[in-house]
Amino acid sequence: MLPEFVEKINRGGFTGDLRFDEPMAAHTTFRVGGPADCWIRPDGASFPEYASRLLAETEAAGVPVFILGGGANLVVSDRGIRGIVLDTTAYRGRAGLGGESGGGTLVAFCAGTPVDEMAEEAANLGLSFEFFAGMPGAIGGAMWMNARCYEHSVSDYLAGAKLLSRGGAVKEYRFRSGDFGYKRSPFQKSGDLILEGSFRLPKKEAEAVRGQMERYRSDRESKGHYRCPSAGSAFKNNRAAGRPSGKIIDDLGLRGFGIGGAQIAPWHGNIIINRGNASAGEIKALCSEVRARVKKETGFELECEILFIGDFFS
Ligand SMILES: Cc1cc2nc3c(=O)[nH]c(=O)nc-3n(C[C@H](O)[C@H](O)[C@H](O)COP(=O)(O)OP(=O)(O)OC[C@H]3O[C@@H](n4cnc5c(N)ncnc54)[C@H](O)[C@@H]3O)c2cc1C
């Protein structure tokens, strides 16, 4: 059924990669996740037109579509994802360079641009986006998550976005600060596909920006961010409990605690790592266990930052 449906859509034109029963472990930084019924990564130039057609057809037919960025904040179920995974990562690069506005320069990027590449490109233009250097993932995912690094949120720089509705219609979004909060964005509610983000970036001397970028990348390196497969911080860190989530977990002696191949990093309380053979189920069980222990010992409810996607048994 699904292969025929996809073939019908693709008769209208398709270039890119497409696979059925594609293991999602290959597309997530955690390196876990069972098969997507169908994974499609359209070529960059064809992406907007193809994505619009795909969304219109799937919406009409009731076929679920999951939009994938860099897969850096996901735990995909061992049973995988039903329906279509639309991979945005080939749609990358600078989408436009605007004029000066409100003390910054307007610059737009395609959603699949790696965040680190955007920071690099900004530096080349003498613009500041250095705080995000070294963060895995793509800019569409960072906008969706309202990612936050070194006290700077993506929303501090966002000016607008070009979106596709789930019915495939192009929409323009203009930034409103009230739409965003800590790890909160309006895209989480709307379900729209982010095609491009437009950013207002302050001017800054390129060499100074590059120096800062190197410092942020090495800081991540020294904190063990890249040592094992993970999705970065497992729990939100809004410090509602008065101290960082990692510190609460450390104070309970949970560093190194594990279930199967999933483990709290022995060097960082708020990173869960895949020791090589973890299942998504084990990662989920470990999150639940940590949340339960923190709740019992401190009364505080940790909130997961990593997203559990796909077919999970509850
Ligand atoms: C080592 C490491 C360090 C990290 N450090 C940080 C950090 O310092 N700060 C931080 O905030 N995060 C951090 N993260 C988490 C992760 O990098 C961010 O959440 C990142 O923004 C996720 O982007 P992504 O493209 O990988 O999104 P994905 O993980 O692919 O997707 C996340 C969500 O966004 C949606 N989405 C993705 N692209 C689009 C699109 N184009 N349109 C609509 N929806 C879309 C997906 O459907 C999903 O719901 C870290 C992760 C790792 C592995």
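# Close-up views of a predicted model

View 1. I9 counts as partly exposed because 19 C-beta neighbours lie inside 10 Å. (A residue is buried if 20 or more other C-beta atoms lie within 10 Å of its own, exposed if 12 or fewer, and partly exposed in between; C-beta atoms are placed from the backbone.) The model is a predicted one: local features need pLDDT of at least 70, side-chain atom pairs count only at pLDDT 80 or more, and totals for chains, interfaces and linings use all residues. Residue numbers start from 1 along each chain as its sequence is written. I9 sits in helix α1, residues 2-10. (Helices, H or I of at least four residues, and strands, E of at least two, are DSSP runs numbered from the N terminus.) Leaving out residues up to four places away in sequence, I9 touches R53, L54 and E57. (Two residues are in contact if their C-beta atoms, placed from the backbone, lie within 7 Å.) From I9 to M143 the step is 134 residues in sequence and 28 Å in space, C-alpha to C-alpha.

**View 2. The largest nonpolar core.** This core has 85 residues. (A nonpolar core is a set of buried Ala, Val, Leu, Ile, Met, Phe, Trp, Tyr and Cys residues joined through C-beta atoms within 7 Å.) V75, L86, A119, M143, I194, I272 and I283 have the most contacts inside it. Helix α8, residues 280-298, gives the most to this core: 6 residues. Now look at I194. Residues up to four places away in sequence aside, I194 touches A111, G140, M143, W144, A161, L163 and F187. In soluble globular proteins, nonpolar side chains tend to be buried together.

**View 3. The shell around the ligand.** There are 33 residues around the ligand, and G69, G137, G140, G141 and G232 come nearest. Helix α4 gives the most, with 5 residues. By class, the shell has 20 nonpolar, 12 polar and 1 charged residues. (Ala, Val, Leu, Ile, Met, Phe, Trp, Tyr, Cys and Pro count as nonpolar, Asp, Glu, Lys and Arg as charged, and the others, Gly among them, as polar.)

**View 4. Domains and the place of the ligand.** The domain assignment gives domain 1 (2-87), domain 2 (94-222) and domain 3 (245-309). (Domain bounds come from an automatic or database domain assignment.) Domain 1 and domain 2 both give residues to the shell around the ligand, so the ligand shell lies between them. The C-alpha centres of domain 2 and domain 3 lie 29 Å apart.

**View 5. Strand β2 and its partners.** Strand β1 (residues 16-23) pairs with β2 in the antiparallel sense, over 7 bridges. (Two strands pair if DSSP finds at least two bridges between them.) Here R19 stands opposite W39. Strand β5, residues 81-87, runs parallel to β2, and 4 bridges join the two. There C38 stands opposite I84.

**View 6. An open sheet of 3 strands.** The strand order is β13-β14-β15, and the pairing is antiparallel. The edge strands, β13 (258-259) and β15 (272-274), each pair on one side only. β13 meets strand β14, residues 262-264, over 2 bridges. I259 stands opposite A262 in β14.

**View 7. The hairpin of β10 and β11.** Strand β10 (residues 158-164) and strand β11 (residues 170-174) run antiparallel, joined by 5 bridges. A161 has Y173 in β11 as its bridge partner. The hairpin has 5 residues between the strands, and G168 takes a positive phi near 95 degrees.

View 8. Most residues other than glycine have a negative phi. D21 has a positive phi near 50 degrees. D21 is in strand β1. D21 counts as exposed because it has 11 C-beta neighbours inside 10 Å. Y150 also is not a glycine, and its phi is positive, about 50 degrees. Y150 lies in the loop between β8 and β9 (152-153). With 13 C-beta neighbours inside 10 Å, Y150 counts as partly exposed.

Conventions. A residue is near a molecule or strand if its C-beta atom, placed from the backbone, lies within 6 Å of it.
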